[in-house]
Structure formats: structure tokens, C-alpha cells
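Keep the picture open beside you as you read.

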Amino acid sequence: MNTKKIAYLGLLIALAFVLSYIEVLLPLNIGIPGAKIGLANIVVVVALYTIGGKNAFLLSIVRVLLVGLTFGNFAMMMYSMAGALLSFAAMYIGKRTKKLSTTGVSVLGGVFHNVGQIIVAMFVLETKQLIYYLPFLIIIGTISGVVIGILSAMICKRVKLALS
Amino acid sequence: MKKNDFILIAVILIIAITALLGQRFLLGGNPDSPMVVVTIDGVEYGRYPLDEDREERISLEDGSYNVLSISDGEVQMKEASCPDQICVMHRPIHSSNDPIVCLPNRVIVIIENGEDSSIDTITN
């Protein structure tokens, strides 16, 4: 890991942090708890494709901790952490199969982020009824995943040029 | 975007939509319709639809009892064996954030998925 990459990782963490803040400022109010656009996922996808799985994993953990400590509370951090871990695992596996493009990987990430959050919320709140929200959250995750995937592909192309 | 991406998206959407339809039709009824839930000592005793008129006698192991009546979308405690009768005096409830509690019998009646009352509390 050379200096350029370290600086780049720091830049991405800062960007993910800012995008999460924007999301806190502009909540998606459609009556479904936990529904988010997942803007910060752009950064995770870009990191996954430019500086590799290990660094991208580090980035998503640091992002959740930073955002949780600054804008959220412990419960929110726990939900986000579960979402981030599951979503990262899904994206990593999706990328390793080499059968999907950035869009497919990002859709996997969006969907599994929501699945992870709902599973933890069901355990923490001991409310099985939360599972009723899951299909809606999956649909929203898919839509935002497609948009984020297309954006990330465009960003990756340019970043790779700059890094090489 | 590759062909596999479209397949993945289609599969995910099909799963989500089937799950959605499955919930609605297989599990029967709308999960969002208001239900009256009775718990005794924290354990659920029964749940009854709010839009169906009925009278329910809740019998406890030690012989004490409460009689619950649901009518016109409102729930009230008709009778109770408790000494203070606070639950019986409680006005009929129709919103989610207003439980009827019978402390001596440890019976709690709440409405799930009901409308929220526009006021927080009423002081008499």
C-alpha cells in the first residue's frame, strides 16, 4: 500500500462520511422505517473496484463507526453495522464470481444492507412483524442499487485513470 | 451492465413481489388492520380484530376475571374482579397510544396498528 493509496483511502472515507451526512439531512420519507438511498454505498463500491476488498471493508466499518458516533445513537450504529457487514459480504462474493458488473454488485449491496438491518431490528425489538417491511425494502434497495451501480461504474473508470 | 445483472435484478424483484403477494393472500388478512391485544403478566392472552363487535371474558388462573367488550371500533373493560375498578372506569379506547391496564390482575389491553391519537394525554 503506497502513499498514494493511503491518501486515496482517506479521501474515500471522508467522502463516505459526507454522503452519509447528506442522507441524514435529506431523509427519504415514504413511511417505511429504514428505507434509505444509500448514497455512501457509491464510495464502498468504488473502493471495492479500485483499491481492493480489504481496504473497502475497512472503509465501510470506519464509515459506520464515524457516522454512528456523530449523527446517530448506539441502536442506529448496530443496525448500520449489521447492514454494512452483510452488504459488504454480498458485494465481495458478487464481485468474486466475476459474473456481474458494477451494477449487479451494487444491487446486491443495496438489497443485503436492508436485509441485515431488518434482521437485527427484529432481534433487538423482538417484533416479528417487521418482516412485512422486507419486500418493500428489497425493492427500494434494488432501485437505488441500480442507480448507484451506474454512477459507481462511471466514477471507477475515471479514478482508475487517475491512479494508474 | 451485463446480461447477468438484468437476470439478478429480475430474480430479486420476483422474490420481493412474490413475498409481498404471499403475505397478503397466504397469511390471510391485512397485517395492518387494527387488532386488540390482551396480555397477562406480559404473556399474550389473545388478539381480536377491532372492527368486529364481541365480548370476551378473560379468566385468570387464580379465579379473577376481566370482561372486555369491543364495539364500534372501541374497546372497554365492562367488568373486573379487581378491588379498585380503575380499568372499568377507564374510558373506551380506540387509538394505539392509549392502553387499558388492570394492575391487580396484571391484564393489559392495547390496540396494535390502530390510529394514533392526535393528543398525547388528557388530564382530567
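Start where the chains meet: 16 residues of chain B are in contact with 18 residues of chain A. Bear in mind that this is a predicted model.

How much area is buried between chain B and chain A? The value is about 1500 Å², and carbon and sulfur atoms give 74% of that area. Turning to interactions across the interface, the rule finds zero salt bridges between chain B and chain A, while three residue pairs are in polar contact, both partners having pLDDT 80 or more.

Which element gives the largest share of the side of chain B that touches chain A? That is helix H1 of chain B (residues 3-25), with 11 residues. If you sort the residues of this side of chain B by kind, you get 11 nonpolar, two polar and three charged.

Now for the cysteines. A disulfide is a covalent bond between the sulfur atoms of two cysteines. Over all chains, the count of disulfides comes to zero. Take Cys102(B) as a case to follow: its nearest cysteine sulfur belongs to Cys82(B) and is 3.5 Å away. A disulfide needs the two sulfur atoms within 2.5 Å, so Cys102(B) is in none.

Are Cys156(A) and Cys102(B) buried or exposed? The table gives the values.

| Residue | Relative accessible area | Class |
|---|---|---|
| Cys156(A) | 5% | buried |
| Cys102(B) | 2% | buried |

Cys156(A) counts as buried because its 5% is under the 20% cut-off, and Cys102(B) is buried because its 2% is under 20% too.

How values were computed
Residues numbered from 1 in each chain as written. Chains lettered and ligands numbered in written order. Predicted model: local features only at pLDDT ≥ 70, side-chain atom pairs only at ≥ 80, totals over all residues. Heavy atoms only, no water. Contact = heavy atoms within 4.5 Å. Buried area = accessible area lost by both parts, 1.4 Å probe. Salt bridge = Lys/Arg side-chain N within 4 Å of Asp/Glu carboxyl O. Polar contact = N/O pair within 3.5 Å; in protein donor to acceptor, adjacent residues only side chain to side chain. Helix = DSSP H or I, 4+ residues; strand = E, 2+ residues; numbered from the N terminus. Nonpolar A, V, L, I, M, F, W, Y, C, P; charged D, E, K, R; others polar. Buried < 20%, exposed > 50% of the residue type's maximum accessible area, 1.4 Å probe, protein only.
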